Amino acid sequence: MAGTSSVIVAGLTAAALATVGFLGHRAAVTVPADLRHPAAGPAGAVRGTPPHKDRGTALPARSGLGTRVVYSLDADRVWLVEESGEVRRTFGVSPSTVDPAPGTYRVTSRSGAVTGSDGVPVEHVVRFATVDGTSIGFSAAVDGSAPALDPRERTGGIRETRADGAAMWTFATIGRTVVVVP
């Protein structure tokens, strides 16, 4: 009898897996074409200039001291700052759907190359925070695209250009301070 029960359970498990696989395939093939891949080109490119031109590119006041990465939530901009306070590099970024709270963080992990939560291959991933289980960090899409943001999805990837991502990767090693300002 035990042999018969295990065959029945195995058969039901196989049927369930086949059903889930079929439904997953049907869902994948019925996604509208414009939602299958993130936008590319000018509309989908990572911003290189701030969206608020009147704010300029000056390092925000009260953004900490010493060697640090400064990330402005309002300006969608990053500054790589030397010990002396001199800005080594500043650049615009494309934000994620989940923002870290303003404050001081440290780089906790890095990955050379992974697949982003939007399915796009990314490189130079520098993580510094977690918000309700969503990892927050900087990354550069290998294809240069910005994330196709869906406010219903929780994503933590702050996209930068590949050149800016390489600069971040060199600058923001494990333990480096990241200051998030409004």
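How many residues lie between S1 and S2 in their hairpin? There are four, and Asp76 in the turn has a positive phi of about 50°. This is a predicted model: local features need pLDDT of at least 70, side-chain atom pairs count only at pLDDT 80 or more, and totals for chains, interfaces and linings use all residues. Residues are numbered from 1 along each chain as its sequence is written, and side-chain values use heavy atoms, with hydrogens and water left out.

**Overall make-up**

- The protein has three helices and nine strands. Helices (H or I, at least four residues) and strands (E, at least two) are DSSP runs, numbered from the N terminus.
- From the N terminus on, the elements run α-α-β-β-β-β-β-β-β-β-α-β.
- The protein has 182 residues, and 37% of them count as buried. Buried means under 20% relative accessible area, exposed means over 50%, and partly exposed lies in between (1.4 Å probe, protein chains only).
- The accessible surface comes to about 10,100 Å². Carbon and sulfur atoms hold 59% of that surface. These areas come from the Shrake-Rupley method with a 1.4 Å probe; for residues, only the protein chains shown count as cover.
- Take the contacts between residues at least 6 apart in sequence: 54% of them join residues at least 24 apart. Contact means heavy atoms within 4.5 Å.

- Strands of a sheet pair through backbone hydrogen bonds, either parallel or antiparallel. Here, two strands pair if DSSP finds at least two bridges between them.
- S1 (residues 68-72) and S2 run antiparallel, joined by five bridges. Arg68 has Val81 in S2 as its bridge partner.
- S2 also pairs with S3 (residues 87-92), again in the antiparallel sense over five bridges. Val78 has Phe91 in S3 as its bridge partner.
- S2 and S3 form a hairpin with five residues between them. Gly85 in that turn has a positive phi of about 95°.
- Strand S2 covers residues 77-81; five of its five residues are buried, so the strand is largely enclosed by the rest of the structure.
- Arg77, Trp79 and Val81 point one way from S2, while Val78 and Leu80 point the other way.

**The four-stranded sheet**

- Four strands form an open sheet in the order S5-S6-S7-S8, with mixed pairing.
- S5 (109-115) and S8 (157-160) stand at the edges; each has a single partner strand, so one side of each lacks a neighbour in the sheet.
- Neighbouring strands of this sheet are turned by 30° against each other on average, direction ignored. Axes are lines fitted to C-alpha atoms, for helices over the stretch in contact, and angles run from 0 to 180 degrees between N-to-C directions.
- S7 and S8 pair in the parallel sense over four bridges. Ser139 stands opposite Arg159 in S8.
- Helix H3 (residues 162-171) packs on the sheet and touches S5, S6, S7 and S8. The direction of H3 makes about 55° with that of S6.

**Two residues with positive phi**

- His124 lies in strand S6 (residues 121-131). His124 is not a glycine, yet its phi is positive, near 55°.
- Is His124 buried or exposed? His124 counts as buried because its relative accessibility is 17%.
- Asp132 lies in the loop between S6 and S7 (134-141). Asp132 is not a glycine either, and its phi is positive at about 50°.
- Asp132 counts as exposed because its relative accessibility is 71%.
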